[in-house]
Amino acid sequence: MLQIIKTKDGSVSLLNSELNETYHSIHGARQESMHVFIKEGLKFFSDQNKKNPVRILEIGFGTGLNALLTAIYGAEHRIGIEYSTLEAFPINESLWQQLNFAQSSEEAKIFFKLHHEPWEQWTEIVPGFMLRKINTTLQLASFDHNYFDLVYFDAFAPNKQPEMWTLPMLQKTIESLTPNGVFVTYCAKGQLKRDLASFGTTVQTLQGPPGKREMIRAIKH
Ligand SMILES: C[S@@+](CC[C@H](N)C(=O)[O-])C[C@H]1O[C@@H](n2cnc3c(N)ncnc32)[C@H](O)[C@@H]1O
């Protein structure tokens with residue numbers, strides 16, 4: 001059962017009542033997404049690497065909020081983006097139509113297209129932003145090695161969905177990154193840091209978004 005909730009910055013999120021887990025921080029969905037994935041992920045990567053397009057892999061498309069903010073950032077900074085996103089349980093239209101993330105009519109158009117475009121194929125959402133939504137699980141997915149520049153690892157928390165955070169799942173995700181590729185997640189667990197370091201990545205503990213102390217970034221060499 002999915003239920004719409006309001007978070008502290010005024011933006012909405014979803015609550016999965018079986019797992020008792022929200023899709024975003026209750027302290028603010030939009031500000032969490034901006035901080036963890038855009039500022040510490042996309043901005044960090046593209047400030048350091050003048051790469052165009054940037055190839056992004058998201059684990060967990062969910063509400064499409066990360067995809068929306070990425071499309072906006074890419075358009076504002078003239079960064080081409082190829083955005084591949086995995087989702088095991090896509091939400092239905094009656095639900096995503098009720099999610100009011102957009103802060104302008106332009107954003108609303110982008111958000112509509114992100115959800116409305118078909119799955120399993122590349123589609124252009126706005127000039128320079130290509131989307132490929134893949135309806136599968138992380139467990140079943142396979143990725144080309146050295147392909148993605150940036151991974152948004154946005155699975156449900158390890159205590160709710162431990163099968164997403166196992167060494168084999170992390171290993172195939174890290175292997176999909178190019179050298180200098182960046183992995184970001186809102187999770188800050190010590191075990192995750194040790195696991196990421198075991199693949200030879202440089203692991204950084206960064207300040208988290210409002211309401212959360214820390215987050216993790218790992219850089220591949
Ligand atoms: C924290 S939410 C993602 C939030 C999302 N990034 C957003 O911007 O709204 C985690 C997502 O992972 C999805 N998921 C659950 N099990 C999965 C699996 N085995 N493989 C891929 N995705 C999965 C859930 O359905 C949910 O949409």
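Trainee: How do the axes of helix α1 and helix α2 cross?

Mentor: In this predicted model, the axes of α1 (residues 29-48) and α2 (residues 65-77) come within 10 Å and cross at roughly 50 degrees. The two helices are therefore oblique to each other.

Trainee: Is that crossing left-handed or right-handed?

Mentor: The crossing of α1 and α2 is right-handed.

Trainee: Which residues make the contact?

Mentor: From α1, they include M34, F37 and I38. From α2, L65, L69 and Y73 are among them.

Trainee: New topic, rings. How many aromatic pairs are there?

Mentor: The structure holds 12 aromatic pairs. One of them is Y83 with Y152, which is edge-to-face, with 5.9 Å centre to centre and 70 degrees between the planes.

Trainee: What does the pair tie together?

Mentor: Y83 is in strand β5 (residues 81-86) and Y152 is in strand β8 (residues 148-153), so the pair links parts that are 69 residues apart in sequence.

Trainee: Is Y83 buried or exposed? And Y152?

Mentor: Y83 is buried, at 0% relative accessible area. Y152 also counts as buried, at 0%.

Trainee: Why is the pair of Y147 and F148 edge-to-face?

Mentor: Their ring centres are 4.9 Å apart and the planes stand at 85 degrees, so the pair is edge-to-face; the cut-off is over 60. F148 is buried, with a relative accessible area of 3%.

Trainee: Back to F37. Which aromatic cluster is F37 in?

Mentor: F37 forms one aromatic cluster with Y83, F129 and Y152. F37 is also among the α1 residues that make the contact with α2.

Trainee: Last one. What lies over the face of F44?

Mentor: R217 does, at 3.5 Å from the ring centre.

Terms used. Residues are numbered from 1 along each chain as its sequence is written. This is a predicted model: local features need pLDDT of at least 70, side-chain atom pairs count only at pLDDT 80 or more; totals for chains, interfaces and linings use all residues. Side-chain values use heavy atoms; hydrogens and water are left out. Rings of Phe, Tyr and Trp (its six-membered ring) pair if their centres lie within 6.5 Å; planes under 30 degrees apart count as stacked, over 60 as edge-to-face and the rest as tilted. Helices (H or I, at least four residues) and strands (E, at least two) are DSSP runs, numbered from the N terminus. Buried means under 20% relative accessible area, exposed over 50%, partly exposed in between (1.4 Å probe, protein chains only). A charge sits over a ring if NZ of Lys or CZ of Arg is within 6 Å of the ring centre and within 35 degrees of the ring normal. Axes are lines fitted to C-alpha atoms, for helices over the stretch in contact, and angles run from 0 to 180 degrees between N-to-C directions. Angles under 35 degrees count as roughly parallel, over 145 as roughly antiparallel, 65 to 115 as roughly perpendicular and the rest as oblique. A crossing is left-handed if the near helix is turned anticlockwise from the far one by less than a right angle, and right-handed if clockwise. Contact means heavy atoms within 4.5 Å.
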